[in-house]
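Let's walk through this model together, from the overall fold to the charged side chains. Take a look at it first.

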Amino acid sequence: MGTRSAIGYKLPNGKIRAKYCHWDGYVEGGVGQTLQESYQAAFKIGRMVELGDMSELAAEIDDCVFYGRDRGDTDVDAQDYDDFDDFTTSFEGCEFFYVWNGNEWLVSQGNLVFTRVEDLLKLEVA
């Protein structure tokens, strides 16, 4: 069973555009670390989210596995959510929620408390 996560970015109107990721949603050594190390440019983040729901996140978009692009699935597009509460309650079964706020990656475990991914990675390495 995968460690499910949702990945999104904050839009100028305050909404969050996001999608689902099935595998390796945890911070250290998983989605969180990959986002922190490989997804710092807005255009790359936007492209990754816009490709919709995914099975697996990789450092390069071409190496990611997207349900629509790579498997031909339908109804897997990224969606807009009104706010952080809507974002964290809309993904059934997700354990981690990642959002790019325009400057940095934040993560929550569904409790509306968001922490900087960078800080968590430093704590786990120390």
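**A charged pair to start from**

E118 is partly exposed, with a relative accessibility of 29% (buried means under 20% relative accessible area, exposed over 50%, partly exposed in between, with a 1.4 Å probe and protein chains only). Its partner in a salt bridge is R116, with the closest N and O atoms 2.4 Å apart; a salt bridge here is a side-chain nitrogen of Lys or Arg within 4 Å of a carboxyl oxygen of Asp or Glu. R116 is partly exposed as well, at 30%. Both residues belong to a network of salt bridges that also links E104, D119 and K122.

Before going on, please note that this is a predicted model, where local features need pLDDT of at least 70 and side-chain atom pairs count only at pLDDT 80 or more, while totals for chains, interfaces and linings use all residues. Residues are numbered from 1 along each chain as its sequence is written, and side-chain values use heavy atoms, leaving out hydrogens and water.

The count of salt bridges comes to 11. Among them, R71 meets D73 at 2.8 Å, N to O, and D70 pairs with R69 at 2.9 Å. R71 is partly exposed at 48%, and so is D73 at 30%.

Stepping back, how much of the protein chain is buried? Of its 126 residues, 44% count as buried. The C-alpha atoms fill a box of roughly 40 × 30 × 30 Å along the principal axes.
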